[in-house]
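Please find below a note in numbered points, written for a reader who is new to protein structures.

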Amino acid sequence: MNDLMIEAHGLGKRFGETVALDGIDLEVPTGAILGVLGPNGAGKSTAVRILTTLATPDAGWARVAGHDVVREARAVQRKIGVTAQDATIDEVLTGRQNLVMVGRLGGLRRGDARARAVELLDRFDLTDAADRVLKGYSGGMRRRLDLAAGLMTRPPVLFLDEPTTGLDPISRARMWGVIRELIADGVTLLLTTQYLDEADELADRIVVIDHGHVIANGTAADLKAQTGGARLEVTLSEPHPAAAATLDPFVAGAVHVSHDGRRLRAPVRSAGGLATTIVRALDGAGITVDDVEVHQPSLDDVFFALTGTPVEGDPAAPAAPDADLEVTPR
Amino acid sequence: MSTATAAPLSPAPDATRSFGLVQKLREVVVLTGRNFVHIAREPLQLSDVTIQPVLFTLLFVYVLGAGVVLAGGGSYKDFAIPGLLALNLTTSAIGTAVGLSTDLRSGVIDRFRTLPMWRPVVLVARSLTDVLTAIICTAFVIGTGLVIGWRPDSTAGDVIAGVAIFLFFNYALSWVCACIGMVSDDPETAQGLGLVVLFPLAIVSNALVPTAHMPAVLRAIADWNPVSAVTAACRHLFGNPNPSASIHAWPMQHPVLAALLWSVALVAIFAPLATLLYRRRTTD
């Protein structure tokens, strides 16, 4: 017996000429939260589709809750809750009708399904909109309802495929709150995302996928260490010959000075009060400062550090529905 | 009840959920109910089974009926009602093609596929929905017929048998339409393709006019068209004028048997085909 709730080995999938997954391994212990991080088209959704029995792998195997996802698909389906990237809810039904339908199809009796729907609608702040048809729901409400649908039968394993892509910051923060509550309840969770901060915020461990390969695997701290942590950007009022030397004691690498001599960049270990310290030091040296920024590492930085190439396209742009089909082979 | 007091997200033991036959029936009932919510909320689909049957009945009886003289005597009104049942039920089967194709395009099918459901349930619920809407449609045609003076001239048992033959044929057609929905990329294509297949089927038949004066080729097609067999069977059972009885083609001589054979054959071919196509459309 092992205590792995999700386990995949050498998972491969191609669509015609396009290789979506090129042999990935994943392991999620019971009760753990795995963040799968990668840009559009990296293969994240394909991996989730295989693990949730929606697609069959061409190579490798996977087990969820101890059951093979291909041979024992039905047993897997009894253990999982899924929130897909494209909302998988019925546009024509109301929020409540959607939840009751999913609950009953999942095997709940009518009364149980209704009671559970009331509970989840309340928990996800959807009670007021419960009896409205979905066409009137905002993006954030749809995602929360989709998540609620995945929770109707209280599954011990949850798959969330890009739960916050395309959401505004407020809806995103709200979704994070909801996911944190789930984590507190002790479910095993696999979450895909294009945002490093999201994986950092929610996951115990992070797997980085690019072009169907796992290119890094570790905790958020491990990844940040690999990328050199945060980045400092200072803009001076006018160039100053001592500026770089003044910054040197506070940064974690070489200070890069722009051609006009006004902008300085350097990797830093983020720490409380760093910006204040920098301003004071520069001021003490008689250097006037226009702007100081400390950037937390983004997916771009992680990618640049791991692969030496920037993310193709804009990772913040809303994903195309079939994003994972647009993979270009390496 | 234990589930109501358990911690909100703790896994429930499987014992509180049922699987097997009870669950299959539950799935069919739930999805059929859902399909009806769709019909009720989509004006076009709703009018297909309510307003359209009334409108067609009135238009055909009063406009077309004014110019048709039946060879063997009898009123066009009495002749027309079974034919209008055929026309309305045949064209309303397109709802299956449109509904299925809409589902296949939307994300909800993925939700169904991640649930531990009996796989063909989406199709079974669809054809059941079609039969239930056909009953509504039938009620509207017959109701309109009774209001404007159509009367069957046979026993209640025969009338019920006639309606049953129609409903069985409609069930068979819903599997044909399921296949149309499955090979269509979007609901618009399904609607168009359904119309191209079903409209000629309904029109090149004895449903609206006697076939005797059609050109030879059309007449041969019409006499062997399943819609003609079903319509003739219904006219025979309703005791309404049935000019096709004098035609020598085998289905016109044995309309009830022909209607049943056609329906059985359509189900035998298209139900497995629909299941196969569905499997193919939902596998990746």
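This is a predicted model: local features need pLDDT of at least 70, side-chain atom pairs count only at pLDDT 80 or more; totals for chains, interfaces and linings use all residues.

1. The contact between the two chains. Chain A contributes 39 residues to the contact and chain B contributes 32 residues. On the side of chain A that touches chain B, at least two residues come from each of these elements: helix H2 (73–77), strand S6 (80–83), helix H3 (95–105), helix H4 (110–123) and helix H5 (139–151). H3(A) gives the most to this side, namely 5 residues. By class, the side of chain A that touches chain B holds 20 nonpolar, 8 polar and 11 charged residues.

2. Chain A as a whole. Chain A has 330 residues, of which 48% are buried. Its secondary structure consists of 11 helices and 14 strands. Consider next the contacts in chain A between residues at least 6 apart in sequence: 68% of them join residues at least 24 apart.

3. The nonpolar cores. Which residues have the most contacts inside the largest nonpolar core? They are A:Leu99, A:Ala148, B:Phe166, B:Val230 and B:Ala274, and the core has 95 residues. Helix H9 (residues 156–183) of chain B provides the largest share of this core, with 15 residues. Apart from this core lies another one, of 54 residues, including A:Leu54, A:Ala55, A:Leu191 and A:Ala220.

4. The surroundings of B:Phe166. If residues up to four places away in sequence are not counted, B:Phe166 touches B:Leu85, B:Leu89, B:Thr138, B:Val230 and B:Cys234. One of these partners, B:Val230, is also listed among the residues with the most contacts inside the largest nonpolar core. Another partner, B:Thr138, is taken up in the next point.

5. The position of B:Thr138. This residue belongs to helix H8 (residues 121–148) of chain B. Is B:Thr138 buried or exposed? It has 20 C-beta neighbours inside 10 Å and therefore counts as buried. Leaving out residues up to four places away in sequence, B:Thr138 touches B:Leu85, B:Val163 and B:Phe166. In contrast, B:Arg113 is 25 residues away from B:Thr138 along the chain, and the C-alpha atoms of the two are separated by 34 Å.

6. The pair H6(B) and H10(B). Two packed helices are described by the angle between their axes and the distance between the axes. For helix H6 (residues 94–105) and helix H10 (residues 187–203) of chain B, the angle is about 160° and the axes are 8 Å apart. The two helices are therefore roughly antiparallel to each other, and H6(B) passes H10(B) in a right-handed crossing. H6(B) makes the contact through B:Ile94, B:Ala97, B:Val98, B:Ser101 and B:Thr102, while H10(B) uses B:Pro187, B:Ala190, B:Gln191, B:Gly194, B:Leu195 and B:Leu198. This contact comprises 7 nonpolar and 4 polar residues, with no charged residues.

7. The pair H4(B) and H5(B). Helix H4 (residues 51–64) and helix H5 (residues 76–92) of chain B pack at an angle of about 145°, and their axes are 10 Å apart. Their crossing is right-handed. From H4(B), the residues B:Gln52, B:Pro53, B:Phe56, B:Thr57, B:Phe60 and B:Val61 take part; they meet B:Tyr76, B:Lys77, B:Ala80, B:Leu84, B:Leu87 and B:Asn88 of H5(B). By class, the contact of H4(B) with H5(B) has 8 nonpolar, 3 polar and 1 charged residues.

How values were computed:
Residues are numbered from 1 along each chain as its sequence is written. Chains are lettered from A and ligands numbered from 1 in the order in which they are written. Helices (H or I, at least four residues) and strands (E, at least two) are DSSP runs, numbered from the N terminus. A residue is buried if 20 or more other C-beta atoms lie within 10 Å of its own, exposed if 12 or fewer, and partly exposed in between; C-beta atoms are placed from the backbone. Two residues are in contact if their C-beta atoms, placed from the backbone, lie within 7 Å. Axes are lines fitted to C-alpha atoms, for helices over the stretch in contact, and angles run from 0 to 180 degrees between N-to-C directions. Angles under 35 degrees count as roughly parallel, over 145 as roughly antiparallel, 65 to 115 as roughly perpendicular and the rest as oblique. A crossing is left-handed if the near helix is turned anticlockwise from the far one by less than a right angle, and right-handed if clockwise. Ala, Val, Leu, Ile, Met, Phe, Trp, Tyr, Cys and Pro count as nonpolar, Asp, Glu, Lys and Arg as charged, and the others, Gly among them, as polar. A nonpolar core is a set of buried Ala, Val, Leu, Ile, Met, Phe, Trp, Tyr and Cys residues joined through C-beta atoms within 7 Å.
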